[in-house]
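Thanks for coming, everyone. I have one structure to walk through today, so please bring it up on your screens.

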Amino acid sequence: MEWSGPPLLSLSPLLRGELEVRESGLLEVEAFGGAGAGAAEPPLAQPAAFQVVASRVGEDQFWLAGWVEGSLRDACARCLREVLVEVRGELGLMLEFRPGVDLPFLDEEREGADWLVLGNPKLGLAPLLSEVLLLNRPLTVLHDPSCKGLCPVCGTDLNERDCGHGARVLGPDHPSLLRTQLADLLGETDSRA
Ligand SMILES: [Zn+2]
Ligand SMILES: [Zn+2]
């Protein structure tokens, strides 16, 4: 995770006594990546827009809120063709500035909100924004609600072509054939004897 790369939020004005700092811009495609980067994460299709505000809530403690929206290059769950998924999510977490902390870390001990502890007043936002996008992606992605998927027998994309397997094996139009095949499987072809 890249905590020092762009886009950056500078907390310096807050540390000098100001009440609020804002940042907005784009999360670039190359900067995108969650905690489990690489694994099965869909990449960002184009730079994602974001806006954040950090406001003072205590001595060296700030509330960071904002949103990010972008489109992910996901895959249809049934036929695997590429689908661009629009995702928008909100973020909200506490920041605590603690000089001497090298790498920002989430303080798991504290209850309530998530706490990010950092020692560098320039906070790289890419890990936070990426995580929000990944958390808000739909559980199931379909390129079309009526996607017919891939044939489990030969792998043909059934949206493009009917290979015939579905109709012959499971089709409701061929009940007699289905019965014959089932009987074959069960070794009961001669049940009338
Ligand atoms: Zn599909
Ligand atoms: Zn087939």
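Which residues touch the most other members of the largest nonpolar core? They are L27, A48, A54, V68, L125, L129 and L133, out of 26 residues in that core. Where does the core come from? β3, β4, β5 and α2 each supply at least two of its residues. The largest share comes from α2, with five residues. As background, nonpolar side chains tend to be buried together in soluble globular proteins.

One caution before we go on. This is a predicted model. The mean pLDDT of the protein chain is 87. Of its residues, 82% reach 70 or more.

Leaving out residues up to four places away in sequence, V68 touches L27, A48, F50, G89, L129, V132 and L133.

Now the helix. Is α2 mostly covered or mostly open? Mostly covered: seven of its ten residues are buried. Those seven are A126, P127, L128, L129, S130, V132 and L133. What do they pack against? The partners are β2, β3, β4, β5 and β8. In residue numbers, β2 is 20-27 and β8 is 122-124. The helix itself runs over 126-135.

Look at S130, which sits in α2. S130 counts as buried because 24 C-beta neighbours lie inside 10 Å, and the cut-off for buried is 20 or more. S130 and L27 are 103 residues apart in sequence. In space, their C-alpha atoms are 8.4 Å apart.

Start with β3, residues 48-58, and β4, residues 61-75. How do β3 and β4 run? Antiparallel, joined by nine bridges. One pair to find on screen is A49 with its bridge partner E69 in β4. The hairpin of β3 and β4 has two residues between the strands. D60, in that loop, has a positive phi near 60°, and D60 is not a glycine. D60 counts as partly exposed, because it has 13 C-beta neighbours inside 10 Å.

Move on to β5, residues 82-97. β4 and β5 also form a hairpin, with six residues between them. They pair in the antiparallel sense over 15 bridges. R73 has L84 in β5 as its bridge partner. In the turn, find L80. Its phi is positive too, about 70°, although L80 is not a glycine.

β5 has another partner. Strand β7, residues 115-118, joins β5 by four bridges, and those two run parallel. M94 has W115 in β7 as its bridge partner. Then β6, residues 105-106, pairs with β7 in the antiparallel sense over two bridges. There, F105 has V117 as its bridge partner.

The peptide bond from P6 to P7 is cis, with omega near -5°. P7 lies in the segment before β1, which covers 8-10.

Over residues 168-174, pLDDT stays under 50. The model has five contacts there beyond four places in sequence. Over residues 189-193, the pLDDT is also below 50, with two contacts beyond near neighbours in sequence. Where pLDDT is low, the predicted coordinates should not be read in detail.

That's my tour. Questions, please.

Notes. Residues are numbered from 1 along each chain as its sequence is written. Chains are lettered from A and ligands numbered from 1 in the order in which they are written. This is a predicted model: local features need pLDDT of at least 70, side-chain atom pairs count only at pLDDT 80 or more; totals for chains, interfaces and linings use all residues. A nonpolar core is a set of buried Ala, Val, Leu, Ile, Met, Phe, Trp, Tyr and Cys residues joined through C-beta atoms within 7 Å. A residue is buried if 20 or more other C-beta atoms lie within 10 Å of its own, exposed if 12 or fewer, and partly exposed in between; C-beta atoms are placed from the backbone. Two residues are in contact if their C-beta atoms, placed from the backbone, lie within 7 Å. Two strands pair if DSSP finds at least two bridges between them. pLDDT is the predictor's confidence in each residue, from 0 to 100.
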